[in-house]
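Colleague: Please take me through this structure one question at a time. I would like the cut-offs along with the answers.

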Amino acid sequence: MHLEDAIIAVATPTGRGALALVRLSGPGAFAIARNHVQPWPSEPRVVQLCTVHNVDEILDQALVVLFPAPNSFTGDDTVEFSTHGGYLVPGSIVAALISSGARQALPGEFTRRAVLNGKLDILQAEAIGDLIDARSQAMQRTALGQLDGGLSRRLLRLRDDLVDLEALIAYDIDFPEEDDGPISRERVEIAVAAIIASLKTLLATAPIGELIREGAVIVIAGPPNAGKSSLFNSLLGRSRAIVTETPGTTRDALEAVIDSGKWPLRLVDTAGLRDTNDPIERLGIEVSERYLADADIVLACAENLAGLEQTKGVIAHNSTAPILSVRTKADLVSSCDEANGSHVVAVSAETGAGVQELLDAINNMLATEHGEIAPDLPLLTRARHRQALSVAYEEIEEFDQAWREKRLPAPVASVHLRTAVYTLEELIGSVDVEDVLDRVFSSFCVGK
């Protein structure tokens, strides 16, 4: 990967469409584009209709925008072409610009250059990928908050607190005879306790972050022909599972993701739970049991109360997840029978009755199990985030224990703090070895 290259790529999905976006960025981008654009845009960041050509051949009439460095996404000179869509037009423009010296961009290279040029940090770059992959409003909101720097600012404050603590200890070690006198141990302990509390708060968001990123696994389980596949299709809003009156039709698990408005839900339609001698159906039931073991919530489905109780007993042997009882085929159940199941959600896949009530019940159960999504609290959505903060937390705990027990000299104990700082810097993507010395001399009056 050569940073001195001008890189080019089609930034929109390949295929038939009204428009495509071609992005050219890097040193020499303007000189390359000038060979193919007439007239040349008169000023930056203003859209202008131009003819894009290759020698004497007109390739397209496109809207062209110039973004001079450093005021562009990548931080380099950038030209964006809004062309007609399809395969040929954007592809021919890319080929023409490559012939003039540009290089086909590698996957993620534009965002990588934005990070290297200081336009984004690594967490914000990850947020771009999460935003593109978002399949729910919750993931969209979380990714936008991270792209805006919410998690980065929180971690930078933690890093700053750690560096302040390092500076405090370094001052006490190197300048013990200054007018301020030795630093009290209680002052250090209070600072450490505050940092530990902040890390705990962030680490506690990891389960919710994982649910938002991956989706809560909602397994639809019950005996054969209990309306599970019909319920799956009804929740999905389209026919995905085959529905017949023949028991055992579903032989494998089907997955689909829906946005409940609050949580992304990974719905899983499973094979009916029953004893069978059919080896193929038995394999499907074993798959169902594996999904039950990993479920966040299980929807126990049956047509009547007796069937529900039996189904819940079978599920309880295979899963520790909370169980939500669902009376299927509610349009065929009398109102008298309906009243007996006060803790049962009655749903009709035929009429759609009870579907929204079921989604509300799932959302409420997830909130009870995992807590509400705090709108102003950054979430840890990736294993990398959780692992780095866990390492930082363990290092600070080690320092706290060593400091309180006085079992290590301060310079040795403070190595744990330095490791925690480096861990946070690696997570964000910024490293400054001399930061502690800068803090010492800026925060204290030394050598007066």
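Modeller: Helices (H or I, at least four residues) and strands (E, at least two) are DSSP runs, numbered from the N terminus. The model is predicted, and local features need pLDDT of at least 70, side-chain atom pairs count only at pLDDT 80 or more, while totals for chains, interfaces and linings use all residues. Residues are numbered from 1 along each chain as its sequence is written, and side-chain values use heavy atoms, with hydrogens and water left out.

Colleague: In which helix do Phe399 and Trp403 both lie, four residues apart?

Modeller: The two residues are about one turn of the helix apart. The helix that holds both spans residues 383-405 and is H14.

Colleague: How many aromatic pairs does the count come to?

Modeller: Rings of Phe, Tyr and Trp (its six-membered ring) pair if their centres lie within 6.5 Å; planes under 30 degrees apart count as stacked, over 60 as edge-to-face and the rest as tilted. By this rule the number of aromatic pairs is two.

Colleague: What kind of aromatic pair do Phe30 and Trp40 form, and what is the angle between the planes?

Modeller: The ring centres of Phe30 and Trp40 are 6.1 Å apart. Phe30 lies in helix H1 and Trp40 in the loop between E3 and strand E4 (48-54), so the pair ties together parts that are ten residues apart in sequence. The pair is edge-to-face, and the angle between the planes is 70°.

Colleague: Are Phe30 and Trp40 buried or exposed?

Modeller: Buried means under 20% relative accessible area, exposed over 50%, and partly exposed in between (1.4 Å probe, protein chains only). Phe30 and Trp40 both count as buried.

Colleague: Which residue has its charged end over the ring of Trp403?

Modeller: A charge sits over a ring if NZ of Lys or CZ of Arg is within 6 Å of the ring centre and within 35 degrees of the ring normal. Trp403 is itself buried. The charged end 4.1 Å from the centre of its ring belongs to Arg185.

Colleague: Where does His36 lie, and with which side chain does its own side chain make a polar contact?

Modeller: His36 lies in the loop between helix H1 (29-34) and strand E3 (37-38), and it counts as buried because its relative accessibility is 3%. A polar contact is a pair of N or O atoms within 3.5 Å; within protein, one must be able to donate a hydrogen and the other to accept it, and residues adjacent in sequence count only if both atoms are side-chain atoms. The partner side chain, at 2.5 Å, is that of Ser100.

Colleague: Which strands stand at the edges of the open sheet?

Modeller: Two strands pair if DSSP finds at least two bridges between them. Seven strands form the sheet, in the order E3-E4-E5-E6-E2-E1-E7, with mixed pairing. The edge strands have a single partner strand each, so one side of each is left without a neighbour in the sheet; they are E3 and E7.

Colleague: What is omega for the peptide bond from Gln38 to Pro39?

Modeller: Most residues other than glycine have a negative phi, and most peptide bonds are trans. Pro39 lies in the loop between E3 and E4. The bond from Gln38 to Pro39 is cis, with omega near -10°.

Colleague: What is the phi of Val55?

Modeller: Val55 is in the loop between E4 and E5, and it counts as exposed because its relative accessibility is 65%. Although Val55 is not a glycine, its phi is positive, at about 60°.
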